[in-house]
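Take a look at the structure below.

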Amino acid sequence: WIDGGALDLVAIGRAARAAGAALVLDLTQSLGAVPFDAAAVDPDFAVAAGYKWLLGPYSLGWLYVAPRWREGQPLEHNWIARAGSGNFAGLTDYQDDYQTGARRFDVGERSNFALMPVASAALDVVLEITPERVAEIAGARARAIAAGLGALGFTAEPEELRSPHYLSMRAPDGAPDDLTARLAADKIYVSQRGPRMRITPHVHVSDHDVARFLAAVTSALA
């Protein structure tokens with residue numbers, strides 16, 4: 001989330017299993033934007049906030065639980081995760097057993113009629129575009145931005161070491177401290193992360209947007 005560095009999760013997963021360690025992944029910054037092969041990586045758990053590259057609303061997140069952990073004890077105990085909770089006529093017939101699969105790990109009040117339909121529709125969009133296509137388009141935009149900013153003295157991680165959709169560039173000496181604020185005043189929004197400027201274009205960002213962004217940065221540095 002700082003430099004966009006890419007990790008070889010297949011190799012990490014293999015090393016974790018060899019060491020008898022559990023592999024727990026936070027995929028918030030990448031799930032939906034780059035391909036992820038759960039079978040090849042074989043994480044024990046993987047989580048992602050729903051509001052970033054999964055295009056969903058705030059307050060929802062997603063959890064993958066490997067089959068080997070699906071008999072585990074959840075951190076949160078709520079009635080809807082228990083066996084038989086779908087039978088509203090028998091709600092007072094409380095069960096100690098859980099629902100099958102990973103549903104035992106569900107948060108309480110999962111039947112959120114405002115957020116869940118939005119999240120479901122967002123996932124349909126992600127699946128329609130595909131993470132592969134997002135990575136391709138966002139990667140092309142990021143390369144163009146990196147080249148343009150590189151000519152202005154910005155530096156970034158080498159392309160082969162970072163995720164295609166995620167660009168984090170260090171400003172040159174003498175750049176104004178309020179660079180991101182100046183860009184925001186021009187309705188161009190990037191994030192400041194320490195000494196780096198984080199730029200994460202999605203598929204809606206056009207060549208025109210990239211050109212306008214580079215022109216605005218050039219003007220701010222003048």
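## What covers helix 3

In this predicted model, strand 3 (61–65) and helix 4 (131–150) are among the elements that cover the buried residues of helix 3. Which residues of helix 3 are buried? They are L115, A119, A122 and V126. These residues sit on the same side of helix 3, because they cover an arc of only 65° around its axis. Turn to the other side of helix 3 and you find L127 and E128, which are exposed.

## Length and end of helix 3

Helix 3 runs over residues 115–129, 15 residues in total. From its first C-alpha to its last it reaches 21 Å, close to the 21 Å expected at 1.5 Å a residue. Just after helix 3 comes T130, with a positive phi of about 80°.

## Aromatic pairs

How many aromatic pairs does the structure hold? There are three. One of them joins F45 and W69 in a tilted arrangement, 5.6 Å centre to centre and with 35° between the planes. This pair links distant parts of the chain: F45 belongs to strand 2 (residues 45–49), while W69 lies in the loop between strand 3 and helix 3, 24 residues apart. F45 has a relative accessible area of 21%, so it counts as partly exposed. W69 is also partly exposed, at 37% relative accessibility.

W79 and F88 form an edge-to-face pair, with 6.0 Å centre to centre and 75° between the planes. Here W79 is partly exposed, with a relative accessible area of 45%, whereas F88 counts as exposed at 60% relative accessibility.

Terms used: Residues numbered from 1 in each chain as written. Predicted model: local features only at pLDDT ≥ 70, side-chain atom pairs only at ≥ 80, totals over all residues. Heavy atoms only, no water. Helix = DSSP H or I, 4+ residues; strand = E, 2+ residues; numbered from the N terminus. Expected span 1.5 Å × (residues − 1). Buried < 20%, exposed > 50% of the residue type's maximum accessible area, 1.4 Å probe, protein only. Arc of directions from axis to C-beta. Contact = heavy atoms within 4.5 Å. Phe/Tyr/Trp six-rings, centres within 6.5 Å; stacked < 30°, edge-to-face > 60°.
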